[in-house]
Amino acid sequence: VRGNDETQKIYNKLAGGSDESVLRSIMNYVSKRLDDRIVSGLVGIDEILQMNYGDCTEHAQLFAAIALEGGYDTDIVSGIVYSKGIFFYHAWNRVVTGGNVYTIDPTFGQFNADVSHIQLSEGYPPTRVLMKRLQEQLKIIKIR
């Protein structure tokens, strides 16, 4: 993920304060800027900023692009999330700074994403798959 002049300007407006407050500001900015809408295929930052909408992938990309402008060690992770009674594919961010690891979900507006997020790969597009042949080896059951 690469930023551009606009992501640099956005970061400059949001910078200031502790790492946590800056990262929260970026998350809130992305959550408010992008309307939730499914996007088919992979699009770049320029197109995301033009469209002002996207699904979890675009939210995670924009968050990463802005955070990287501030020098934050930021990655996009993907996996599954449990929401509204089902599991579905999802992408969010991980930031390592000041000895802390933050899982940030700008789509859901979660700073330190909850345990419903199960990471299966990392990178954009996913470069490291953490579980091979997932459908054949993983079974998720709901325990009451």
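Asparagine 52 sits in the loop between helix H3 (45–51) and strand S2 (53–54), where helices (H or I, at least four residues) and strands (E, at least two) are DSSP runs numbered from the N terminus. The phi of asparagine 52 is near 60°, a positive value in a residue other than glycine. As a rule, most residues other than glycine have a negative phi, and most peptide bonds are trans. Asparagine 52 counts as partly exposed because its relative accessibility is 28%; buried means under 20% relative accessible area, exposed over 50%, and partly exposed in between (1.4 Å probe, protein chains only). Lysine 84 also has a positive phi, near 55°, and its place is the loop between strand S3 (73–83) and strand S4 (86–97). With 85% relative accessibility, lysine 84 counts as exposed.

A word on the numbers: this is a predicted model, with local features requiring pLDDT of at least 70 and side-chain atom pairs counted only at pLDDT 80 or more, while totals for chains, interfaces and linings use all residues. Residues are numbered from 1 along each chain as its sequence is written, and side-chain values use heavy atoms, with hydrogens and water left out.

Zooming out, the protein chain has five helices and eight strands. Starting at the N terminus, the elements go α-α-β-α-β-α-β-β-β-β-β-β-α. Of its 144 residues, 41% count as buried. Among contacts (heavy atoms within 4.5 Å) with a separation of 6 or more, 50% come from residues 24 or more positions apart. The accessible surface amounts to about 8400 Å², with 49% of it belonging to carbon and sulfur atoms; such areas come from the Shrake-Rupley method with a 1.4 Å probe, and for residues only the protein chains shown count as cover.

Helix H4 covers residues 56–69, and at 1.5 Å a residue its 14 residues should span 20 Å, which agrees with end C-alpha atoms 20 Å apart; the expected span is 1.5 Å times one less than the number of residues. H4 is mostly covered, with 12 of its 14 residues buried, including Cys56, His59, Leu62, Phe63 and Ile66. Aspartate 55 caps the N-terminal end of H4, placing a side-chain oxygen 3.1 Å from the backbone nitrogen of threonine 57. After H4 comes glycine 71, with a positive phi near 80°.

Glutamate 69 and glycine 3 are 66 residues apart in sequence, yet their C-alpha atoms are 6.9 Å apart in space. Leaving aside residues up to four places away in sequence, glutamate 69 touches Gly3, Asn4, Thr7, Gln8 and Tyr11. The side chains of glutamate 69 and threonine 7 are joined by a polar contact of 2.7 Å. That term means a pair of N or O atoms within 3.5 Å; within protein, one must be able to donate a hydrogen and the other to accept it, and residues adjacent in sequence count only if both atoms are side-chain atoms.

Over in strand S7 (residues 117–122) lies serine 121, which counts as buried at 7% relative accessibility. Its side chain makes a polar contact of 2.5 Å with that of serine 78.
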